[in-house]
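Hi everyone, thanks for coming. Let me put the structure up so that we can walk through it together.

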Amino acid sequence: MNLTKRSVFIVAVFLFATFNLHARWRDEGQSEKYMLFWEDQYKWESCAIEGYSLLLNQNYSDASLKLQEAITLGCPLGKVYFQLGLALDKVNQTDPARQNYQKAIQIFNSGTQKEKDVDDYLFLSHHNLGIIEIEQGRDEQAVLELEKAASLRPNDASTQVNLGYLYSKNHFDDKAIRAYQRALQLDPQLAVAHYNL
């Protein structure tokens, strides 16, 4: 029986191929149905794109509104949470910025998304969160965040300078010296590292 079905299938394919070489499938409204489905599923996409564009143009207030709208519409992307955190950070909305950086880190660490440049976004999320923690006087949290950033990008001089500052402030002088020396290895012209060292 299986042989018969297979034979019929092969004959049908052969007949279709030989007699209908120029057959075309005519779209009878199918594309529009898919377009409506995609628009319904990804309503957030245009807001995310516009928010990112506003962010690049340093229009942080409007960028934060658009990126927040994208998230409200269901955007699940860690990079959009990071971008919203950055926009809020730039307009000194520290607590919401922190929350969005933390959400971005949570998404990136979950491994559920295969976004482009995840490591870069993860590094920047930890780095920027560390800076917020420094500004808020939460040195222990700042050290944790910046050490995570340094583990992701050991060749980032600014992270080493900030770690050196924190170590020195909290009397871990040996660690501070190593951090400043590392920063100077990476960027010998970094005046603040020379001065602090």
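Predicted model: local features only at pLDDT ≥ 70, side-chain atom pairs only at ≥ 80, totals over all residues.

Residues are numbered from 1 along each chain as its sequence is written, and side-chain values use heavy atoms, with hydrogens and water left out.

Let's start with Gln 160, which sits in helix H9, residues 157–169 (helices are DSSP runs of H or I, at least four residues, numbered from the N terminus). Gln 160 has 10% relative accessibility, so it counts as buried (under 20% relative accessible area, with a 1.4 Å probe and protein chains only). Beyond its neighbours within four places in sequence, Gln 160 has contacts that include Pro 154, Ala 179 and Arg 182 (contact means heavy atoms within 4.5 Å).

That brings us to Ala 179, in helix H10, residues 173–186. Ala 179 is buried too, at 4% relative accessible area. Not counting residues up to four places away in sequence, Ala 179 touches Gln 160, Leu 163, Gly 164 and Tyr 167. Ala 179 and Leu 163 are 16 residues apart in sequence, and their C-alpha atoms are 6.4 Å apart.

Now, which helix gives the largest share of the lining of the largest pocket? It is H3, with five residues. Helix H5 (78–90) also supplies at least two.

Conventions
Buried < 20%, exposed > 50% of the residue type's maximum accessible area, 1.4 Å probe, protein only.
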